[in-house]
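My notes follow, one topic at a time.

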Amino acid sequence: MDGVVLRPGEGESLFDGRIVLKATFEQLCITESHFPDARDGADPHFHRRHADSFYVLEGGLAVLVHDEEKLLEPDAFVCAPPEVVHGFRSTSPAVFLNFHTPDGGFADNLRARNRGEEGGFDSVDAPPGSGKPPTEAVFLPPKEGERLETNSRTATIKVGREELALLEFELRAGFEGPDPHSHDDHVDSFYVLDGEVDFLVGDEWMRLPAGSFVAAPIGVTHTFGNHDGQRARLLNIHAPSTGFHERLSRF
């Protein structure tokens with residue numbers, strides 16, 4: 001399988017561009033959603049076999065987890081583990097990323113609904129407060145999480161679960177990144193939040209701006225850096241985590 005490189009605005013567009021599929025792997029589905037105004041998103045529900053997570057890029061979301069709704073601003077993050085009831089709505093024009101780990105049939109469900117078909121995936125409607133208690137759920141305002149500092153970067157762990165490790169990296173100029181490598185057990189992907197980031201995918205280097213997405217499936221050589229630019233920020237998503245967040249914490 002080849003790597004994925006999507007520049008800003010690129011991806012599989014559904015519902016007249018309101019939802020853009022960025023990653024459609026068995027281990028991971030990522031959508032970039034564009035809500036033009038305050039509107040309902042998803043009624044309370046849970047997933048039996050996968051986690052559902054949100055990262056706000058612009059505007060605001062109200063996300064329910066179990067029986068509590070919290071208002072999220074840009075750079076806030078939420079993760080609802082399997083069997084934890086959740087739902088969401090936008091509170092203003094908003095852009096956000098949604099991560100289903102593993103996919104659980106979510107991408108094909110969206111495609112079916114886009115064609116006007118009923119669809120269906122690993123999702124069960126449920127009233128708020130039902131399902132499992134939210135002991136492993138994550139609500140993180142901007143800049144919060146476990147921070148890991150080096151001279152050239154700050155890595156903030158947003159969530160570390162079996163299904164998903166999601167980190168926010170701030171890269172200083174001159175950050176070289178890890179040596180080129182590949183994984184044999186998970187998908188490694190990136191979404192550029194601010195500035196420009198250098199990526200190696202396969203045998204090609206490229207410098208990509210905010211809004212770009214890169215994914216390295218199993219067996220694809222990759223790395224990233226900030227070789228000669230200003231500070232940059234990106235999300236790094238490992239699905240499944242394979243303990244990546246724990247390994248990074250030891251360095």
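**The three-stranded sheet**

I began with an open sheet of 3 strands, ordered S19-S18-S21 with antiparallel pairing. I count strands (E, at least two residues) and helices (H or I, at least four) as DSSP runs, numbered from the N terminus. Two strands pair if DSSP finds at least two bridges between them. Strand S19 (204-209) and strand S21 (222-225) are at the edges; each has a single partner strand, so one side of each has no neighbour in the sheet. On average, neighbouring strands here are turned by 25° against each other, direction ignored. My axes are lines fitted to C-alpha atoms, for helices over the stretch in contact, and angles run from 0 to 180 degrees between N-to-C directions.

Next I looked up the join between S19 and strand S18 (residues 196-201). The two run antiparallel and are joined by 6 bridges. Leu200 has Trp205 in S19 as its bridge partner.

**Basis of the model**

I note that this is a predicted model: local features need pLDDT of at least 70, side-chain atom pairs count only at pLDDT 80 or more, and totals for chains, interfaces and linings use all residues. Residues are numbered from 1 along each chain as its sequence is written, and side-chain values use heavy atoms, with hydrogens and water left out.

**The seven-stranded sheet**

I then traced a second open sheet, with 7 strands in the order S2-S3-S4-S11-S6-S9-S13 and antiparallel pairing. Strand S2 (12-14) and strand S13 (138-140) are its edge strands, and each pairs on one side only. From one strand to the next, the twist averages 20°.

Which helix packs on this sheet? I found helix H1 (residues 106-114), which touches S2, strand S3 (19-25), strand S4 (28-35) and strand S11 (94-101). Contact means heavy atoms within 4.5 Å. The direction of H1 makes about 140° with that of S3.

I also checked strand S6 (residues 51-58) against strand S9 (residues 77-80). They run antiparallel, with 4 bridges between them. Asp52 stands opposite Ala80 in S9.

Is strand S16 (residues 165-171) mostly covered or mostly open? It is mostly covered, with 6 of its 7 residues buried. Buried means under 20% relative accessible area (1.4 Å probe, protein chains only).

Strand S15 (residues 153-160) runs antiparallel to S16, and 7 bridges join them. A hairpin of 4 residues leads from S15 to S16. Ile157 stands opposite Leu167 in S16.

S16 also pairs with strand S22 (residues 232-239), in the antiparallel sense, over 7 bridges. There I found Leu166 opposite Ile237 in S22.

How values were computed
Buried < 20%, exposed > 50% of the residue type's maximum accessible area, 1.4 Å probe, protein only.
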